[in-house]
Amino acid sequence: MKIHVLGSAAGGGFPQWNCNCSNCYGIRSGKINASRRTQSSIAVSVDNEKWVLLNASPDIRTQFEQFPCIQPKKGLRDTGVAAVILVDSQIDHSSGLLTLREGCPIDVYSTEVVYQDLSTGFPILSMLEHWNGGMRWHQIELDTQPFEIEGVDRLRFTPVVLCGKAPPYSPHRHDPHPGDNIGLYIEDLELGTSLFYAPGLGVLEQHLDKYFTDSDCVLVDGTFWREDEMIDAGVGTVLAHEMGHLPQSGDSGMITYLRRFQKTRKILIHINNTNPILVENSPQRDILRDESIEVAYDGMEISLETQHSHLSRAV
Ligand code: MLT
Ligand code: MN
Ligand code: ZN
């Protein structure tokens, strides 16, 4: 399977339009060594033709312009998008559906609670019904049974319930429901390779260990370095865990956890603009290098062709 990172930043992107934090100021003024990033989304394919989008970001139009594989090739109106899977109902993950309106109906997969959010608090699925009947919604059941997408051979998706946070407009914001946030374990049934994708991962629950062990590659929550990063940067009042994100640093942070999975390729995605790991020559980035943890960037290509982890474990 091939993974193309369409966008690697958290909500707001990097730089964020109204932000003057040291990173956002630094990149605008050319004073830091960093790359611009659009908002969080990846595309997965086994044939370079049909792509499953994992989330639809508000930057989707720019992201598609930068990615010829997904552009029209055959008909007068055409797309490489085979389906869209949503891991939550956050604006940075779902509002790109509005940009896809000209392509309705497109197959959209989400949990029931995400469907409710996107039909009530942020009713984009209801609005889109005015475009050729709207998106064709499919429910992701939460029984961890894998599902497949019609017309997409070889790929199998397993939803993994995560402890995250529903968005502010969700009736579940302060009343968490299973399915508000999921991760996806994605298998290439022909090559036997697999990816675990979880851009919003607030709590490291034990049931996750097996996905981190079994996957050849994990693309996981890289939002914040510090628990109090937004407060420290002077741009917010909430802690990382209150937003449903696990910081990288600290004894119970992401770095310490990832150290347990020596055979798995580890990549952080959904990076907030305040995070010092955006600066290529920062001490925090050096720490990640020492830990063999990569930082996703827009346009990054990940090719999972052989079972690195499984083969090396068998030796
Ligand atoms: C989040 O994941 O917490 C979001 O990036 C917040 C947002 O989109 O504003
Ligand atoms: Mn987000
Ligand atoms: Zn900023």
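Predicted model: local features only at pLDDT ≥ 70, side-chain atom pairs only at ≥ 80, totals over all residues.
Residues are numbered from 1 along each chain as its sequence is written, chains are lettered from A and ligands numbered from 1 in the order in which they are written, and side-chain values use heavy atoms, with hydrogens and water left out.

The secondary structure of the chain comprises 11 helices and 13 strands, where helices (H or I, at least four residues) and strands (E, at least two) are DSSP runs numbered from the N terminus. Along the principal axes, the C-alpha trace spans about 50 × 50 × 40 Å. Of the 315 residues, 51% count as buried, a class defined by a relative accessible area under 20%, with exposed meaning over 50% and partly exposed the range in between (1.4 Å probe, protein chains only). Contact is defined as heavy atoms within 4.5 Å, and among contacts between residues at least 6 apart in sequence, 69% join residues at least 24 apart. The chain exposes about 13800 Å², of which carbon and sulfur atoms supply 50%; these areas come from the Shrake-Rupley method with a 1.4 Å probe, and for residues only the protein chains shown count as cover. The mean positions of the 26 positive and 41 negative charges lie 6 Å apart, with Lys and Arg counted as positive, Asp and Glu as negative, and His and the chain ends not counted. Each charge is placed at NZ of Lys, CZ of Arg, CG of Asp or CD of Glu.

A search of the whole structure for aromatic pairs finds 11. Rings of Phe, Tyr and Trp (its six-membered ring) are paired if their centres lie within 6.5 Å, and planes under 30 degrees apart count as stacked, over 60 as edge-to-face and the rest as tilted. One of these pairs, formed by W51 and F67, is edge-to-face, with 5.0 Å from centre to centre and 75 degrees between the planes. W51 lies in strand β3 (residues 51–54) and F67 in the loop between α2 (60–65) and β4 (81–85), so the pair ties together parts that are 16 residues apart in sequence. Both W51 and F67 are buried. Y109 and F147 form a stacked pair, with 5.5 Å between the centres and 15 degrees between the planes. This pair links distant parts of the chain, 38 residues apart, as Y109 belongs to strand β5 (residues 107–110) and F147 to the loop between β6 (136–139) and β7 (155–161). Y109 is buried at a relative accessible area of 7%, and F147 is buried at 14%. Elsewhere, ring pairs link Y185, F196, Y211, F212, Y257 and F261 into a cluster.

Among individual residues, N23 is placed in helix α1 (residues 22–28) and is buried, with a relative accessible area of 5%. When residues up to four places away in sequence are not counted, N23 touches F14, I32, N273, T274, N275, P276, L278 and V279. F14 is also joined to P15 by a cis peptide bond, with omega about 0 degrees, and P15 lies in the loop between β1 (2–7) and α1.

H172, in the loop between β7 and β8 (182–188), counts as buried at 7% relative accessibility; leaving aside neighbours within four places in sequence, H172 is in contact with V113, Q116, A166, H177 and D180. H270 lies in the loop between β11 (265–269) and α10 (283–290) and is buried at 5% relative accessibility, and its phi is near 65 degrees, a positive value in a residue other than glycine. Phi of N48, also a residue other than glycine, is positive at near 70 degrees. N48 lies in the loop between β2 (41–45) and β3 and counts as partly exposed at 30% relative accessibility. G250, in the loop between α8 (229–232) and α9 (254–258), is partly exposed at 46% relative accessibility. The C-alpha atoms of G250 and R226 are separated by 7.9 Å, with the two residues 24 apart along the chain.
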